[in-house]
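Let me put the structure up and then talk you through a few spots.

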Amino acid sequence: VAMAFDLAYLDTGAMFRALTWAALDAGTDLSDVGAVAHLARTAPLRQSTDPGSPGVWVGERNVSRAIRESRISAAVSAVATNLDVRGELARRQQEIIAHASATGRGIVAEGRDITTVISPDADVRLLVTASEEARLTRRAAELEAAGKAVDAAALRDQVVRRDKDDATVSQFLTAPDGVTLVDTSDTTPVEAAGVVLGS
């Protein structure tokens with residue numbers, strides 16, 4: 001969608017994953033709310049907003065692939081439900097969005113808080129969703145394509161349990177007023193993009 005409109009792109013979930021990677025790499029106890037919040041304020045996180053070449057770095061380390069590993073998926077909710085972390089990363093995300101807007105390019109931002117917290121005044125606000133079954137199937141296909149074994153219990157934990165955890169601090173399961181619901185349960189990624197482009 002970003003490429004179709006020549007816009008910048010921001011995957012906010014990748015930022016939470018990168019911070020989780022940084023915390024685990026530093027040996028930070030994820031249950032230590034203060035320590036993780038401090039890391040959120042000080043970690044040298046950087047993201048590319050080029051939709052054709054998205055990437056995430058911690059310092060000089062490109063962690064774009066590492067943040068998609070199962071160990072990060074299993075741990076990221078502990079970071080994402082830390083309210084101090086959410087506040088700091090929200091500030092960073094708003095800065096990225098503001099910069100893209102200031103350049104006149106505009107941006108497509110993806111994430112659970114985008115339409116309600118990060119950019120509630122965006123020109124277009126969509127809640128792109130899919131059924132639990134569709135999301136589990138897609139995640140399994142992603143893992144298989146990456147040559148990784150698919151463990152059904154771990155997969156359900158990564159997808160379903162994370163939703164429940166994240167829902168305690170973020171409203172992303174229903175579309176509030178002014179937000180258009182786009183259900184992609186029965187579409188391919190290309191078809192889903194077409195639905196979004198037509199919204």
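Predicted model: local features only at pLDDT ≥ 70, side-chain atom pairs only at ≥ 80, totals over all residues.

Residues are numbered from 1 along each chain as its sequence is written, and side-chain values use heavy atoms, with hydrogens and water left out.

So, the core. By nonpolar core I mean buried Ala, Val, Leu, Ile, Met, Phe, Trp, Tyr and Cys residues joined through side-chain atoms within 4.5 Å. Buried is under 20% relative accessible area, exposed is over 50%, and partly exposed is in between, with a 1.4 Å probe and protein chains only. The largest one has 26 residues, and the members touching the most others are Leu19, Trp21, Leu45, Val63 and Val85. Helix H1 (12–26) is among the elements giving two or more residues, and H1 gives the most, eight. Helices here are DSSP runs of H or I, at least four residues, strands are runs of E, at least two, and both are numbered from the N terminus.

Take Leu19: setting aside residues up to four places away in sequence, Leu19 touches Leu39, Ala40, Ala43, Leu45, Val79, Val85 and Leu89. Contact there means heavy atoms within 4.5 Å. A separate core of eight residues includes Leu10, Ala90, Ile114 and Ile118.

Next, helix H7, residues 152–166. H7's buried residues pack against H1, H3 and helix H6 (132–145). Where does H7 bend? At Gln158, by about 30 degrees, taking the angle between axes fitted to the seven residues ending there and the seven starting there.

Now salt bridges: a side-chain nitrogen of Lys or Arg within 4 Å of a carboxyl oxygen of Asp or Glu. The count is seven. In one of them, Asp11 meets Arg68 at 3.0 Å, N to O. Asp11 sits in strand S1 and Arg68 in the loop between strand S4 and H3, so this pair ties together parts 57 residues apart in sequence. Asp11 is buried at 16%, and Arg68 is partly exposed at 34%.

Arg91 and Glu95 are four residues apart, about one helical turn. Bridges that share partners join Glu88, Arg91, Arg92 and Glu95 into one network.
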